[in-house]
Amino acid sequence: MLTLTGLSKRYDTGDLALTDITLEVPAGQVMALIGPSGAGKSTLIRCVNRLVEPSSGTVLLDGQDITRVRGTKLRQARRQIGMIFQNYALVERLSVMENVLSGRLAYLGFWRSFLRQFPSSDIKQALNLLERVGLETMFDKRGDALSGGQKQRVGIARALMQNPKLLLVDEPTASLDPKTSRQIMRLICELCREQQLAAVINIHDVVLAQQFVDRVVGLRAGKLVFDGPPSALTEKTLTDIYGEEDWSTTTGETDESDEAAAAAIDPLKPIGQGGHP
Amino acid sequence: MSNPSTDSGADQQRLALLKDGIWKPLPLIRDARWRWALNAAVLLYIVLAWLSVDVNWSRVAQGMDRGVAFMASFLQPDFVTRSGEIFTGLKESLTMTLAATVIGVLLAIPVGLGAARNISPLPVYLFCRTIIALSRTFQEIIIAILFVAMFGFGPLAGVVTLAFATIGFMAKLLAEDIEDTQKEPLEAIRATGASWLQWVNYAVQPQVMPRLIGLSLYRLDINFRESAVIGIVGAGGIGATLNTSINRYDYDTSAAILLLIIVIVLMSEYLSGYVRKWTQ
Amino acid sequence: MPLIRQGDQPVWKKREPLKQYAHWAGWMLGGMLFVWCWAIISENTIWEFLYDADEQAASLIGRMIPPDWSITGSLMLPLWDTINIATVGTVMGIAIAFPLAFLAARNTTPHPALRAVALAIIVSSRSINALIWAMLLVTIVGPGSFAGMLAIALRSIGFVGKLVYEAIEEIHPTPVEALSATGAGRSQVLAYAVWPQIMPAFAGICVYRWDINIREATTLGLVGAGGIGLQMNAAINNLAWGQVATVFVLIFATVVVSEWVSAKVRHAML
Ligand SMILES: Nc1ncnc2c1ncn2[C@@H]1O[C@H](COP(=O)(O)OP(=O)(O)OP(=O)(O)O)[C@@H](O)[C@H]1O
Ligand SMILES: [Mg+2]
């Protein structure tokens, strides 16, 4: 579904952030992208929806080469790709509902969106999504009146409003406490499975990643150094990705405590704003 | 999961509508009556204001070619014909600006200190605030008329005018700055048994100095622009030359003067940017 | 603030010696410049006029007190005109400044060449006082409050334009990125990500400029551009200082009220 071929990016400053990345993500697969700070994870994700212009290589989404399109075509490509940000990237002075509905902008003309004339199907979908992320009573609240976890839920709802085929997620939990992080990760992964979405998730927390994703890809200094199932992550592979360190706590022992922590949260209960009453 | 205490009837109603796919953003003013009253008031004002302007369209039409001529003169400004007057006018404007800013800032410091409620006694405070209010209410040109009546025509009246205006501007901002300074250093220095002057020097000055310099530069800029105006009423500077050229429809000279003013303002803006960086 | 050794006593100085000399030299130069300016001014001043300045001032004030209240009624219409000149002029200025600011802001401009043009317009408008614009416009559209409104508008374009484009350049870029990533168009991104972020600053700037414009509008009559300045000019020409004083009191009252209104509105916007 998403195919990257020979993707490289050199910034104007001369930093070579990505070198010759070739990667395929099939539909419905949730993939974690790990690697040390500065490895090029954000750059890779942003090359996919062209927030960053790749220097060379191609990005195919369902066979269409995204690196070549411009204008309306680019906007149509982007609307198939939802994006979730580390700092939520909500428009803080707009209400929750407006933030969620802004995921539909690419489907609407300027004047209708300017006058907030969204079709009622969009409004119903927005309400469904808000219910799904547990914020249905907050639709009139302003973005800046929410907690971090709530903001991220709105960010997720906005991305899903696009009815995307692919989700790009850039460190969704880096600004959240451990419990909320878990809830957000679970929410994203569940939603991806429900709607058969492919996802690329940048994440620093290897343990958290292992627990939720189907596949892990490791980047180091812009190069692909690992690609395999979460279970294949060993001390050696982690050393390949991150460098020398005592990894025993990450690969071995924590598995149990993870399980324990996971069990502490009722998996059947839809995730509400429990972490932030 | 939700917080029932905040679910008022209106919110429930909006949620019910939402379920039917109907949603509008919350209006800025919640109360519908206030909203309508405000709209009506704005409408009424527009009508009344419209009635109060009488535009003489035939006169406007007549003036149009003059407007075009004025625009065109920016493409062919005439610096030469009146170069002598322009040069003396500009020199006078610049010297007036500099002298007035220096005098004004120096005088604004005591007035500003006096107008800061946290360091001054009430009578001094009221006196200084009165000076500030007077200086800020009346435009430079009005004050210039009065000083010209007292001191006669010439740049001295201009300098006094600009200095007076500078006092109001600087002293108000300075006083606000002082009122906003952190309390702890003020108390700490006072606790050492320092005299009032020492106290101001050690506790207040370091906290307000950078902004004072920035504001002085900004005021220098304003004073230059004002110096181009007060000449109209005889208080010296380039204004008199500009006024004459406009009244004679000598737009080429006017354009030249205006371009010079724009260039000088631009230069001073760049310079003050550097000075500000340099002093910090 | 270095600690310098002198012999074996540490001496605390605010600056390094060399810097200290440069500092003094700077002050010296500034002082000399000031003296030179003053010399030029004093050359062009007829100091004889000053001998009776205190008498002049005393008699001026004497003739202003008490103000001639009898003309208050006839000043109400000019005062209303003054307020209209300021208000309508501000609205016209804002209407032009608003799109201009988006052209001038680095992060929203469609093209660098357009940005340069917008910046040139803004700086020209800002450098030239409303009174000068009014002098010009009176010769073009004829005397009256229409010229005054246009003058206020022309001056406001630069002021509002500059502050608004600076506000646009200071917005958080992430919401803009996020909405671009949804596939929203340029104008949709402006409406949904940029406008909400600058809205409070924009409202504050507009009200602030309106407040300044009320003051400026009181003087436009001096050059024939309408408002209460016309009456003031007439009173001054007739040396009717009592009437001038009445105009002053009215201006003062209007300005106090407008300042109060603008403070209220700015407070409500936060
Ligand atoms: N806008 C930019 N201009 C120039 N260089 C950049 C830019 N953004 C990133 N880089 C460089 O590209 C490299 C990869 O950065 P990137 O942000 O993709 O890393 P990352 O893996 O996301 O790191 P982190 O985990 O800290 O978010 C870094 O060396 C960085 O300095
Ligand atoms: Mg990153």
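This is a predicted model: local features need pLDDT of at least 70, side-chain atom pairs count only at pLDDT 80 or more; totals for chains, interfaces and linings use all residues.
Me: How many helices and strands does chain A have?
Reply: Helices (H or I, at least four residues) and strands (E, at least two) are DSSP runs, numbered from the N terminus. Chain A has ten helices and ten strands.

Me: How many helices and strands does chain B have?
Reply: Chain B has eleven helices and zero strands.

Me: What is the radius of gyration of chain A?
Reply: The radius is taken over C-alpha atoms, and the globule rule is 2.2 Å times the number of residues to the power 0.38. For the 277 residues of chain A the rule gives a value near 19 Å, and the chain agrees because its radius of gyration is 19 Å. Its C-alpha trace spans about 55 × 50 × 30 Å along the principal axes.

Me: What is the radius of gyration of chain B?
Reply: Chain B has 27 Å, whereas a compact globule of 280 residues would have a value near 19 Å. The box filled by its C-alpha atoms is roughly 80 × 75 × 35 Å, taken along the principal axes.

Me: Is B:Leu18 buried or exposed?
Reply: Buried means under 20% relative accessible area, exposed over 50%, and partly exposed in between (1.4 Å probe, protein chains only). B:Leu18 has 0% relative accessibility and therefore counts as buried. This residue lies in helix α1 (residues 9-19) of chain B. Over the whole chains, buried residues make up 57% of the 277 residues in chain A and 44% of the 280 in chain B.

Me: Which residues does B:Leu18 touch, not counting residues up to four places away in sequence?
Reply: Contact means heavy atoms within 4.5 Å. With that exclusion, B:Leu18 touches A:Met97, A:Ile123, A:Lys124, A:Leu127, A:Phe139 and B:Trp23.

Me: Where do the domains of chain C lie?
Reply: Domain bounds come from an automatic or database domain assignment. The assignment gives domain 1 (3-54) and domain 2 (67-269) of chain C. Taken over C-alpha atoms, the centres of these two domains are separated by 39 Å.

Definitions and conventions: Residues are numbered from 1 along each chain as its sequence is written. Chains are lettered from A and ligands numbered from 1 in the order in which they are written. Side-chain values use heavy atoms; hydrogens and water are left out.
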